[in-house]
Amino acid sequence: MIPQAFDYEQPESVADAIAMPGKHRGEARVLAGGHSLVPLMKLRLAAPDALIDIGGIASLRGITDTPDAITIGALTTHAQVASSEVIAAGCPILAETAAGIGDIQVRNRGTIGGSIANADPHGDLPAVFLALEGEATAEGPNGERTIAAADLFVDYLQTSLSQDEIVTSVRVPKAARSAYVKFNRRAQDWAIVGAAVVVDGSSARIALTGVASRPVRATAAEAAFTGSNAAEAAGHAADGLDPPSDTAASGEYRAHLARVLVRRALEAAMAR
Ligand code: FAD
């Protein structure tokens, strides 16, 4: 299908991009890699009056290494995250997850900021970001603010960002003992369920893809984990959850996948 007609803007700075929605009547949406927004527009499930294409803003790209954390510009692509030696060494879960997103075209266009801002509960990076307890930095007309991952994802494709805020970067703490495991029916398909795990001494942070309308922490499995009991803790991965049923999988099967994948992810992270 053909999208509804829209205005198109190419700001050269974040300040210009923030000012642009006010010039347009109706809804203006930020365009990054376009690999989630454009398909929605072609189906007319999204029909913005204007697109603010931030792809030319150089300051939104890049990876910065600090002793405890890595800061990644919002426009950094999945391919750049996947091939970064800094990320592979300091936060392997992020590099490996990015390497497993879609196919090479998707990874060359899709961005980390777009994935986080899109908040697709079947997307891989939101759950990983949640397990890492990362932070997004956003700029808007009222200035800059930092949003913890736990406060960002609100509901299906909905975040706590306001319409006129732009994610400029994401920051993740270093987490060497971390792993993401997903299950899909065919290579390159979206995950039916995914499990992101960060092990820190005798505790673990565990987040799930595909079991709710937003990525969620598997709090019962986290509480049950003692540092060495992966299988026992994973048995609680779906406690308190009511995963949805759809054409890809029943809720019951998603709960089963959550238990299996959390065990595998815990074992992989603990082996690091
Ligand atoms: P866009 O499509 O440009 O934007 C998405 C949304 O985020 C829009 O609402 C936009 O306004 C908003 N936005 C974008 N950037 C910002 C910003 N900096 N600040 C504020 N708002 C912003 N994802 C997976 O996780 N796993 C997969 O296996 C997977 N497979 C895919 C397969 C295909 C064939 C396709 C087309 C996509 C797939 N994706 C997958 C999604 C892909 O990762 C997208 O690139 C990503 O979800 C969105 O990033 P984007 O840069 O393309 O964002």
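How far apart do the C-alpha centres of domain 1 and domain 3 lie? They lie 34 Å apart. The chain is split into domain 1 (7-52), domain 2 (61-173) and domain 3 (178-270), with bounds that come from an automatic or database domain assignment.

A bit of housekeeping before the details. This is a predicted model, so local features need pLDDT of at least 70 and side-chain atom pairs count only at pLDDT 80 or more, while totals for chains, interfaces and linings use all residues. Residues are numbered from 1 along each chain as its sequence is written, and side-chain values use heavy atoms, with hydrogens and water left out.

Now for the ligand. It is surrounded by 29 residues, and the closest are Val30, Gly34, His35, Leu37 and Thr111; a residue is near the ligand if one of its heavy atoms lies within 4 Å of it. Several of these close residues make polar contacts (pairs of N or O atoms within 3.5 Å). A polar backbone atom of Val30 sits 2.6 Å from a ligand oxygen. For Leu37, the distance from a polar backbone atom to an oxygen atom of the ligand is 2.7 Å, and for a backbone N or O atom of His35 it is 2.8 Å. On its own the ligand has 960 Å² of accessible area, and the protein covers 89% of that, going by the Shrake-Rupley method with a 1.4 Å probe.

Which elements give two or more residues to the shell around the ligand? They are β2 (28-31), α7 (112-118) and β10 (166-173), where helices (H or I, at least four residues) and strands (E, at least two) are DSSP runs numbered from the N terminus. The largest share, four residues, is from α7. By class, the shell holds 12 nonpolar, 12 polar and five charged residues; Ala, Val, Leu, Ile, Met, Phe, Trp, Tyr, Cys and Pro count as nonpolar, Asp, Glu, Lys and Arg as charged, and the others, Gly among them, as polar.

A cavity is a set of points on a 1 Å grid over the protein atoms alone where a 1.4 Å probe fits but cannot get out, and lining residues have an atom within 4 Å of a point. There are two cavities of 30 Å³ or more. Why does the largest cavity lie between domain 1 and domain 2? Because both domains give residues to its lining.

The second largest cavity has a volume of about 30 Å³. Among its lining residues are Leu94, Ile116, Phe129 and Val170, and α7, α8 (124-132) and β10 each supply at least two residues. Its lining has seven nonpolar residues, with no polar and no charged ones.

Technical notes: Polar contact = N/O pair within 3.5 Å; in protein donor to acceptor, adjacent residues only side chain to side chain. 1 Å grid on protein atoms, 1.4 Å probe; cavity = no way out; pocket = protein on both sides within 12 Å on 5 of 7 lines; lining within 4 Å. Points joined across faces, edges and corners; volume = space filled by probe spheres on them.
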